[in-house]
Amino acid sequence: MKKYSILITLFLSLTGFSQNYTGTLDTISKKGLHTILLTSKIRSATKENFNSLRIKDSQKNEVPYVLIHPRDKAFLNFVPKKITKKAIKDSVTSIIIENKTGKVCDYIALKIANTAITKRYTIYGSDDKKNWFGLVANKRISGLKSSNHTSVEKLISFPLNTYRFLRINFDDRYSLPINILEVGNYESQFFTQNPIEINHFEKNVTQIKNRKVTQLKFTGNNTHKIDAISFDIKTEFFQRNAKILVERTRKVKKRIETYNQVIANFQLSSKNKNTFAFNNLNEKEFIVEIDNQDNPALEIESVQLFQKPIYLVSNLKEKESYNLVIDSTYKKPSYDLGNFISDKTKTISKVEITNFSKVEKKQIFKEKSFWETNLFMWICILFGGIIVVYFTQGLLKDINKREEN
């Protein structure tokens, strides 16, 4: 029972522990809906668990908000893009799309006529429609049949880029062509979808000559979600395989050992704009390892880390004071506000969070009652000692009487 009570006490102490942070919202100059960008520092504090977020007013009352990811269609408007060329030739259906705005892009939405066919596709990028460079190869698209509509919509992702033209080739060698009705992107009226650069990592470059590899080690004070990495390389002609390594631990028999786990593979090439998207990189420390083979090490000018933005939208009052609070013990909130915000919502202002920091817990001292003082403890010890002596003496007298008899 003693063992179980210790375990229960330990469990309660762990579950009661919380990580708290707070930040101040800028002064609200106009009543109404406001967007609040969650910076990389704030997201790191939440450990990407946004259930812990709360907005509170000056009276510590909760203020409802809506959490918006860049791909939430409820808050986005579909903007079609012109298909400049569509051809079916040599067992390939090819479409070319123009990106006139030059905005950074990492996906395209396709509206496809109902079909039960599964397709393989390859995507290229170009700035002049003559020289084409690979973005993704031999990917598969499926689930192109709807029971409620005559078409389906699919999002195709690829590395971040600013190519003026994109070309998608669908492989028709093993199935009939599919009908692409429309292509486009989802855009917002009131928040940007452009990725945000993360500047919280230190970079250290090491050349490991015996293995013929270059290692770029990134180290931060906290974990950060990284959605893309972009390389600026000055070397003229290169094509190198690279991978991302993270340190992990595992139990081998009775000991714990550390090892490097590969979580992503990619290829750096002078033919491409070397920007790569990732889904599972959320680390405090990681390594990019480049295989040089017998070539000189690459001349890497810079490496940029990006994450897709995440916003809060909240209805705020003029001249009211608000704080953003993070408490890891909070559960996911349920607010009505999400039912009233969509891509049709026009008048939304921006507000930023300042003075964001960890809340240092202060130790609270209260006046002890007599029963909690050292004096009471010593009185108890003395009283206990007197009782022990009394009973000991009585026991000794009984033993002596028995020996005399």
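What share of the contacts in the protein with a separation of 6 or more is accounted for by residues 24 or more positions apart? Such residues account for 79% of these contacts, a contact being heavy atoms within 4.5 Å. The structure is a predicted model, in which local features need pLDDT of at least 70 and side-chain atom pairs count only at pLDDT 80 or more, while totals for chains, interfaces and linings use all residues. Residues are numbered from 1 along each chain as its sequence is written, and side-chain values use heavy atoms, with hydrogens and water left out.

The protein contains three helices and 25 strands; helices (H or I, at least four residues) and strands (E, at least two) are DSSP runs numbered from the N terminus. The radius of gyration of the protein is 32 Å, whereas a compact globule of 405 residues would have a value near 22 Å. This radius is taken over C-alpha atoms, and the globule rule is 2.2 Å times the number of residues to the power 0.38. Along the principal axes, the C-alpha atoms fill a box of roughly 120 × 65 × 45 Å. Of the 405 residues, 38% count as buried. Buried denotes under 20% relative accessible area, exposed over 50%, and partly exposed in between (1.4 Å probe, protein chains only).

Strand 7 is joined to strand 8 (residues 92-98) by six bridges, and the two run antiparallel. Within this pair, Ala-87 stands opposite Ser-94 of strand 8.

The other open sheet has four strands, ordered 6-14-9-12, again with antiparallel pairing. Strand 6 (77-81) and strand 12 (151-161) each have a single partner strand, so one side of each is left without a neighbour in the sheet. The twist from one strand to the next averages 35°. Five bridges link strand 6 and strand 14 (residues 180-187) in the antiparallel sense, and Val-183 in strand 14 is the bridge partner of Lys-81.

In soluble globular proteins, nonpolar side chains tend to be buried together. A nonpolar core is defined as a set of buried Ala, Val, Leu, Ile, Met, Phe, Trp, Tyr and Cys residues joined through side-chain atoms within 4.5 Å. The largest such core has 25 residues, and those with the most contacts inside it are Ile-229, Ile-244, Leu-268 and Phe-286. At least two residues of this core are supplied by each of strand 17, strand 18 (239-252), strand 19 (255-269), strand 20 and strand 21. Apart from it lies another core of 22 residues, including Tyr-121, Leu-144, Leu-166 and Val-183. Leaving aside neighbours within four places in sequence, the contacts of Ile-229 include Ile-244, Phe-278, Leu-281, Phe-286, Val-303 and Leu-305.

Phe-238 is located in the loop between strand 17 and strand 18. With a relative accessible area of 9%, Phe-238 is buried. Residues up to four places away in sequence not counted, Phe-238 touches Ile-233, Leu-268, Ser-269, Ser-270, Asn-274 and Leu-298. The C-alpha atoms of Phe-238 and Pro-296 are separated by 9.9 Å, although the two residues are 58 apart along the chain.

Most residues other than glycine have a negative phi, and most peptide bonds are trans. Lys-212, in the loop between strand 16 (201-208) and strand 17 (213-233), has a positive phi, near 60°. Lys-212 is partly exposed, with a relative accessible area of 42%. Gln-293 also has a positive phi, near 50°, and belongs to the loop between strand 20 (275-291) and strand 21 (300-307). The relative accessible area of Gln-293 is 52%, so this residue is exposed.

A search of the whole structure finds zero disulfides, a disulfide being a pair of cysteine sulfur atoms within 2.5 Å. Cys-105 counts as buried at 11% relative accessibility, and Cys-380 as partly exposed at 38%.

Definitions and conventions: Pairing = 2+ DSSP bridges. Axes fitted to C-alpha atoms, helices over the stretch in contact; angles between N-to-C directions.
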